[in-house]
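Let's take a walk through a protein model together. Have the sequence and the 3D view ready, and follow along one stop after another.

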Amino acid sequence: MATLSSLHHITTATLSLLGLAKPSLSGRPIRCLPPITSSSLQFNLKFAPPSPKPKPPPNLKSDTVLDSDPDPDSPPNGQFFIPWIVRGEDGNLKLQAHPPASFINALADAKTQKPKKVDKEVKKKKKEISAVGNAGIEPPAPPPKLSKAARRFYNENFRDPPQRLSKVLAAAGVASRRGSEELIFNGKVTVNGSVCNAPQTRVDPSKDIIYVNGNRLPKKLPPKVYLALNKPKGYICSSGEKEFRSVLDLFEDYLKTWDKINPGSPKPRLFTVGRLDVATTGLIIVTNDGDFAQKLSHPSSNLTKEYIATIDGEVRKRHLISISEGTEIEGVLCIPDSVELLPKQPDLSRPRIRIVVHEGRNHEVRELVKNAGLEMHSLKRVRIGGFRLPADLGLGKHIELKQSDLRAMGWKS
């Protein structure tokens, strides 16, 4: 115990000598420093002078910015500027704050984007469209691009089956069906290098190599064409006789523009569906579809045909009764579906009779009027089935038939 107390006194004495012992608050008085006021403090601060501004070379003339003598320590107008070194009209260099006028004009006229590369095919299509547009013809729609797999699937599942050789030749515009058969019988047609004498031979023009009189038949057949013509007087519906003009001559302009409308496709061989005599005017259908023509002209179609007969003289009730009773033509009694006397019009002095038939035998309407004791002045066909000749279609003009028009005539393509 005595040892511990002696160690405590030694430690305390040592710390007091080193100044580390806690002073006793009770034994010593507290000393206070005098208060510090701001007036007693003085600071002497100095800053370095600003760096001198570089002067331009003595041979350079200054612009308006340098002509003025602003404060060297501050920029003009409180904003820094980028000097432009330009050559004046006198040939000397000078500094100016704004870019030269020639540079600003060049920026305004410069193209900021690279010109797009135009493919040769696009240029060619634009030229074709412009040429076709100048001719007043609507440009054709481009065919869709299909993959090889899609074309193979179409050929295997939806492609038309092989057809008779005579039918293929007629569809390609070589000759009529009978003319094609004569060419085949005469040995003028070869299929895959061999002479073919059978018109019923099944061929596929896209696969088989067919030559007619030494000329290769195109692989692609022309598309089906359906036209409605307002036939004028003085034209026949066949092309064999030379003393009369054919209605096919009215389609020369149409065939001349065929290559522009259907590029890469051969021209169709057009023919009429049925016939109208040389003195009859009105509606006649022109096509290159043999099946369509056969369907419309066959008696089993029962298509009604409406005619307007203009009569010289007066028409009485007994005349109408006589026409409605029918007449015998080529050993067959032909009775019209309906007979009606049309009301008079102020601009037409002659009476008109509307006659509807469905058989369409040769000169049937003219024979009905003649047997009734009337004299025919003119005859015009205005309707076939459900398709009526447009009132605004002039003589010698034609229009392309739509699918709805074909359905109105009973055809389902």
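A word on the ground rules comes before the tour. This is a predicted model, in which local features need pLDDT of at least 70 and side-chain atom pairs count only at pLDDT 80 or more, while totals for chains, interfaces and linings use all residues. Residues are numbered from 1 along each chain as its sequence is written, and side-chain values use heavy atoms, with hydrogens and water left out.

Start with the nonpolar cores. Such a core is a set of buried Ala, Val, Leu, Ile, Met, Phe, Trp, Tyr and Cys residues joined through side-chain atoms within 4.5 Å; buried means under 20% relative accessible area, exposed over 50%, and partly exposed in between (1.4 Å probe, protein chains only). The largest core has 29 residues, and I311, I323, I353 and I355 touch the most other members. Among the elements that each supply at least two residues of this core are β15 (305–312), α11 (317–325) and β19 (352–357). Helices (H or I, at least four residues) and strands (E, at least two) are DSSP runs, numbered from the N terminus. Now zoom in on I323: leaving out residues up to four places away in sequence, I323 is in contact (heavy atoms within 4.5 Å) with P336, V339, I353, I355, L368, V369, A372 and L374. A second, separate core has 18 residues, including A228, L296, L401 and M409.

Next come the aromatic rings. A pair of aromatic rings is described by the distance of the centres and the angle of the planes. Rings of Phe, Tyr and Trp (its six-membered ring) pair if their centres lie within 6.5 Å; planes under 30 degrees apart count as stacked, over 60 as edge-to-face and the rest as tilted. By this rule there are three aromatic pairs. In one of them, Y226 and F292 sit 4.9 Å centre to centre with 80 degrees between the planes, an edge-to-face pair. Y226 belongs to strand β10 and F292 to helix α10 (residues 290–297), 66 residues apart. The rings of F292 and W411 are also edge-to-face, because their planes are at 80 degrees, with the centres 5.4 Å apart. W411 lies in the segment after α13 (403–408), so its pair with F292 ties together parts that are 119 residues apart in sequence. Y226, F292 and W411 form one aromatic cluster. F292 is buried, with a relative accessible area of 0%, and W411 is buried at 14%.

Where does S265 sit? Look in the loop between α9 (258–261) and β13 (271–273). S265 counts as buried because its relative accessible area is 7%. Leaving aside neighbours within four places in sequence, S265 is in contact with L221, P222, P223, W258 and D259.
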